[in-house]
Amino acid sequence: DVSGQEMRPFLADLLPMLVETIQDQGNVARSLKRDQLEQAYIALRMVIENTGLVTEITGKHPSLLPFLIDVLRLDVHAGDWQHRQAILRCIGTLGALDPARFRRLQAGAKTDPAGGGDAAAMLLLE
């Protein structure tokens, strides 16, 4: 298990790496990529569950939740139920957002290609 208090000093470095691994659409070998993705989903879920930083993660990485939903919607991993289940668990751990707030978050993520702008974070606080 991941201890929330013990992980806090490392979150500034760890979270961007996990989010980058999940959102990476590069030319990594497919089998290696699948293993990395599964481990990133599991690690992100464990960090979120044990630190309780759901709103901070969603605020700092506003493109993450829309990206995960798009991956499911596009059926990129349709043949791999275990992979889809890891994505679903990650989405579930991030929590449910009000649909109107999600649309604002999604719009903010599309206008900020870096995915780390203050505008999207402010939308979460509304």
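1. Is Arg45 buried or exposed? Arg45 is buried, with a relative accessible area of 18%. Buried means under 20% relative accessible area, exposed means over 50%, and partly exposed lies in between (1.4 Å probe, protein chains only). Arg45 sits in helix α3, residues 30–51. Neighbours within four places in sequence aside, Arg45 is in contact with Arg89, Cys90 and Thr93. Contact means heavy atoms within 4.5 Å.

2. A word on the basis. This is a predicted model, in which local features need pLDDT of at least 70 and side-chain atom pairs count only at pLDDT 80 or more, while totals for chains, interfaces and linings use all residues. Residues are numbered from 1 along each chain as its sequence is written, and side-chain values use heavy atoms, with hydrogens and water left out.

3. Overall make-up. The protein has eight helices and zero strands. From the N terminus on, the order of elements is α-α-α-α-α-α-α-α. Helices (H or I, at least four residues) and strands (E, at least two) are DSSP runs, numbered from the N terminus.

4. Burial and surface. Of the 126 residues of the protein, 41% count as buried. The protein exposes about 7,600 Å², and carbon and sulfur atoms supply 54% of that area. Accessible areas come from the Shrake-Rupley method with a 1.4 Å probe; for residues, only the protein chains shown count as cover. Take the contacts between residues at least 6 apart in sequence: 66% of them join residues at least 24 apart.

5. Helix α5. This helix is mostly covered, with seven of its ten residues buried. The buried residues are Leu64, Leu65, Pro66, Phe67, Leu68, Val71 and Leu72.

6. α5 against α6. Helix α5 (residues 64–73) and helix α6 (residues 81–94) pack at an angle of about 145°, and their axes are 10 Å apart. Axes are lines fitted to C-alpha atoms, for helices over the stretch in contact, and angles run from 0 to 180 degrees between N-to-C directions. The crossing of α5 and α6 is left-handed. A crossing is left-handed if the near helix is turned anticlockwise from the far one by less than a right angle, and right-handed if clockwise. On the α5 side, the contact uses Leu64, Leu65, Leu68, Ile69, Val71 and Leu72. On the α6 side, the residues are Arg84, Ile87, Leu88, Cys90, Ile91 and Leu94. By class, this contact has eleven nonpolar residues, no polar and one charged. Ala, Val, Leu, Ile, Met, Phe, Trp, Tyr, Cys and Pro count as nonpolar, Asp, Glu, Lys and Arg as charged, and the others, Gly among them, as polar.

7. α5 against α2. The axes of helix α2 (residues 11–23) and α5 come within 11 Å and cross at roughly 30°. α2 and α5 are therefore roughly parallel to each other. Angles under 35 degrees count as roughly parallel, over 145 as roughly antiparallel, 65 to 115 as roughly perpendicular and the rest as oblique. The crossing of α2 and α5 is left-handed. Val19, Ile22 and Gln23 of α2 meet Leu64, Phe67 and Leu68 of α5. The contact of α2 with α5 has five nonpolar residues, one polar and no charged.

8. His83. This residue lies in helix α6. His83 is buried, with a relative accessible area of 0%. His83 and Arg34 are 49 residues apart along the chain, and their C-alpha atoms are separated by 7.9 Å.

9. Asp24. This residue is in the loop between α2 and α3. Asp24 is partly exposed, with a relative accessible area of 30%. Its C-alpha atom and that of Leu37, 13 residues apart along the chain, are separated by 9.2 Å.
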